[in-house]
Amino acid sequence: MSAIAIEKNSVLDIAAVIQSSVNQFPILKDQRNDALAQFQKLGLPSAKQEEFKHTPITRLLEKNFDFKLANQKSEITNIDQFAIPTLEANVVFFVNGLFSKERSSIISSETEISILSLEEAVEKKSEVVLAHISKYIDLKTDAFANWNTAAWRSGLFVHVPANSKVETPIVVYHIHDASNGQVISHNRNLIILEEGSSVSIVEKYDSVEKSNHFSNAVTEAVVAKNAELNLYAIQNDLNNRFQYGLTQIYQSDSSRVNTFTFSLSGKLIRNNLHLTLDGENIESHMYGLYLLENDTLTDNHTVVDHRKPNSFSNELYKGIMDGSSKGIFNGKIYVRPQAQKTNAFQSNKNILLTDNAGINTKPQLEIWADDVKCSHGCTSGELDEEALFYLRSRGISKETSQAMMLYAFAGELLDSVKHPAIKNYLDQIISERLHKDF
Amino acid sequence: MSKDNQVLEEFTSKEYEHGWITNIESDSAPKGLNEDIVRFISAKKNEPQWMLDWRLDAYRKWTKMKEPVWANVHYPKINYQDIIYYSAPKQSDKSKKLEDIDPELIKTFERLGISLTEQKRLSGIAVDAVIDSVSVGTTFKETLGEMGIIFCSFSEAVLNHPELVKKYMGSVVPVNDNYFAALNSAVFTDGSFCYIPKGVRCPMELSTYFRINAANTGQFERTLIVADEGSYVSYLEGCTAPMRDENQLHAAVVEIYAMKDAQVKYSTVQNWYPGDKNGKGGIYNFVTKRGLCFGDNSKISWTQVETGSAITWKYPSCILKGDNSMGEFYSVAVTNNYQQADTGTKMIHIGKNTKSRIVSKGISAGHSQNSYRGQVHIMKRASNARNFSQCDSLLMGDQCGAHTFPYIDVENSSARIEHEATTSKIGEDQIFYCLQRGIDEESAVALIVNGYAKEVLNQLPMEFAVEAQKLLALTLEGSVG
Amino acid sequence: MLSIKNLQAKIGDNQILNGINLEIKPGEVHAIMGPNGSGKSTLASVLAGREEYEVTEGEVEFLGKNLLEMAPEVRAREGVFLAFQYPIEIPGVSTINFMKTAVNQIRAHRGLQSLDAVSFLGLMKERMKLVEIDQSLLSRSLNEGFSGGEKKRNEIFQMAMLEPKLAILDETDSGLDIDALKIVSNGVNKLRNKSNAVIVVTHYQRLLDYIVPDYVHVLYKGKIVKSGTKDLALELEAKGYDWIKDEVAVEL
């Protein structure tokens, strides 16, 4: 059988499963049916497509999943192991993609913030949901986004009213219980920050047991004038996680967004992070760290789209590749013709620890305005020999010297995390991974 | 007089200065492309059977290929059946002695500043002059011949040095490398061939001057440079075309083969007709240039100043196969009005301790779009490879675009790669400083742009550097104020 | 303490040291002078164990052990300290953390317990005074954004922390103004005692006004061509290096 025939089959299998739930939310019926049709038209991306050049996601998914299967019931109990210690937070749990009310606990008041499952919000807050859902993501070319749009059954809905500064962060645990076979989930999240509000959200991805599991998640965030969003993704799933995540953030005047993407484990992780800066005096920071080992692959595709004048964006992504792992970075900066006086900076730095590891990086600038300051830089290399010698000449062993330098390299990203409990938690994982013994 | 002053003096002229047409009779193939046209071209050139077979093979491969669409350029679909694939100035005698060349042709090249006649030749440069599809004359052939250097038209090389042509043609750019290279392989009409023997340092610059004259023709020339062990050559290429309303296709192939310890420096000043202010006409410049550093310690250096063409699609590249070999790419690409350029390089590091350096300066003005596209690939075996890339873009006005698409692929941990890119505009304070010293705004821009591009211009041989500076200024004519 | 016999070394294909002989006893200060490119810094680097240099001949014995066989960190733990001519900037590694790691690994090598945080800070505060260095500097990333003087002072601070038996000061005076020079020299002098030794590598006599040497050696083309007392340094200051070159040329 030819490869094309196999591909068509998997699309058919997926479409058949979607069909069973496509009409689940009456007010979203058209949107979901359109998305299904578009998904069938696009098919899963081939390795020839520029955006998937180094990430054979379709081949790996087809090899590792049976799309016809439904998820098994989960009886998972021990979920405390995934918690971030000492962090006081609003906690939201999703198990195998479905909202778990009994495990979630919201401590902030309802006047301060509404935190619901998206399926509940579709019923109770349909106006707000309809005003935003699928308005910002690319449904023309992104097959996975269409798949999610047509297939999602559960997700997170956050609505922060004007001028509400929410001090207690939200931690969203996406748990896959892979003890009874494969899991496929499609979470759909909608985060709305009204004028002058602020909130921090941590998305954490974990699993139990060894079956393959795939998460195709879409998050849309709308950050209104003067609002501030801090969005953390902690990807440290030691099991067989495959993930395609699209996070689309839409920013208005004078808003601030800080994103932190820590990819520390996972078989195949593809993060699409898109920031649309549709206002003036916006400030956006995107931080990313990927520490890869064994045969894992992490692919960060980011887009910063400057559409209006006088905004600032800064992106710093760093990676350390060990074993036969592979890192991929593609960072696009667009500066549209009206976006004069834009300042946009991007930096991607990589260290390869073995010759079986690899990095493919493509920092990309597309500028249509002349009065701008934009730059990108990227490097790949091993640890600086001079610096290693300096450390060793002070009596520090070679191994410790290397660990010190790797930790310092990664530490720049840890420093960007301001929340103490989150920072400590990440510090612990990273220290252990980099064999910090000093 | 300083270089800068010369630039300023030339800066008053307003139009593309090489836009005139020579009235010579030409001998052409009918429009369109099929196997018979390929046979026609081959027969016109009295080629041996192996050459015809090679062309036909390329043609068949081409018919199965698709025109690439990944570049950041937009143009109406090219009708490949609406192009004349062979056009040659009619010459009474095939003997190709320089004395026998049609005086009109000699005049043509003299207007371009290239003299083919004995008395007026540029002293340090040997020239192969190519008009439309064929080479019309090569200077200093005998002088070079004494040192064992072969420098002649490609057609002559096919007839006189078949063993060299057979061995190296297609060895760096395979027939089916890409759509335009396959097309060229099928229908190429002439070009230059150059062989530098072992240990010989070529005493003068070798140069090919390309001129498109006839209407509706495509130009498909092919250049092959083979540098044997320990040799050195510096090669220059210049190009112009008349102003015509239709777009004309130029699909060339350049191959460089450098053996152990050999060094080749290839410089281009590309000034094909860019089309008029409204984007009408101009050359589609779809060119494949590649060098193979086959031997250890070999070095290939590309320098290009791209000011012309409606569309440029060109990536002079280096395959660094030999250990310790080195590749360089220095580029200035200026686009104005509705020009589109998608240009850059590939540095493929295969051997150990290989080094590459990329310096690209893009300048966009008017409604033009200027893209840098480059790849640095460090293969697994290439331990201690080094690359440094600097890609800067300068924007003039808010109707143009600057794009940077660098691909960096690293498979060896001891490799060190550094890539930097910036985008900026000419500083108002810089312009004001010049104005305050009595320099008008356009001249100020020319001065600043030349300064911006200096690192690249410095790589050019002297005669070319002056011309390149003038060209930069001319291309940006009318882009400020 | 240190015995160098016929030491020859090269980097790549460049032979730089051509047979150095030198004996240093505890309590001594040796100055090594010479024109640019004579091999002074190479000698310092070879003794500290920089891996780019290949020792092609000769022996170096340090406190009865073969120094050349040791990894750079083992040399440091045995008591060799190199004050770098160009101290390295390491972003993300604070000087405090760096020193704490070094001190404790050296202590472990000598069979001593690790210092706890309190005793370490105490030790640090005490040694900071010696070189008049500010704590805020030490909380920052190692040498990052330090001025030339601050970097050199940080080197001497590290020397104070690690208490080496043999300190090699590689062009420590370069890039220092007179005040910084005094502070740095004072620090070194306070650290001198009967059981340790110092090698001062310098191009100029200036530093030797403050760190007074017992012996002065002139290095030229990778060999010690002249040895003497402090007066030799003064003579060099007055006459330059040319007369040495001439003398060597005559001898050859």
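How many bridges join strand 1 of chain A to strand 5 of chain A, and do these strands run parallel or antiparallel? Six bridges link strand 1 to strand 5 (residues 170-177), and the two run parallel. Before we go further, a word on the ground rules. This is a predicted model, in which local features need pLDDT of at least 70 and side-chain atom pairs count only at pLDDT 80 or more, while totals for chains, interfaces and linings use all residues. Residues are numbered from 1 along each chain as its sequence is written, and chains are lettered from A and ligands numbered from 1 in the order in which they are written.

Let us stay with strand 1 of chain A, residues 90-95. Helices (H or I, at least four residues) and strands (E, at least two) are DSSP runs, numbered from the N terminus, and two strands pair if DSSP finds at least two bridges between them. On the strand 5 side, A:Phe94 stands opposite A:His174. Strand 1 of chain A also has two bridges to strand 2 (residues 98-99), this time antiparallel, with A:Val95 opposite A:Leu98. Strands 1 and 2 of chain A form a hairpin with two residues between them, and A:Asn96 in that turn has a positive phi of about 50°.

Now look at where the side chains go. In a regular strand the side chains alternate between the two faces of the sheet. Here A:Asn90, A:Val92 and A:Phe94 point one way from strand 1 of chain A, and A:Val91, A:Phe93 and A:Val95 point the other way.

Over in chain C, four strands form an open antiparallel sheet in the order 2-1-4-5. Its edge strands are strand 2 (14-24) and strand 5 of chain C, each pairing on one side only. Strand 1 (residues 2-11) and strand 4 (residues 53-62) of chain C share eight antiparallel bridges, and C:Leu2 has C:Phe62 as its bridge partner.

Confidence in chain C can be read from pLDDT, the predictor's confidence in each residue, from 0 to 100. The mean for chain C is 90, with 99% of its residues at 70 or more. Confidence there is lowest in helix 9 (residues 242-251), at a mean of 76, and highest in strand 5 (residues 65-66), at 96.

Finally, the assembly. The predictor gives the complex an ipTM of 0.84 and a pTM of 0.85. Counting residues as in contact if their C-beta atoms, placed from the backbone, lie within 7 Å, two pairs of chains touch, and chains A and B have the most contacts. No contact joins chain B and chain C, whose closest C-alpha atoms lie 14 Å apart.

Definitions and conventions
A residue is buried if 20 or more other C-beta atoms lie within 10 Å of its own, exposed if 12 or fewer, and partly exposed in between; C-beta atoms are placed from the backbone.
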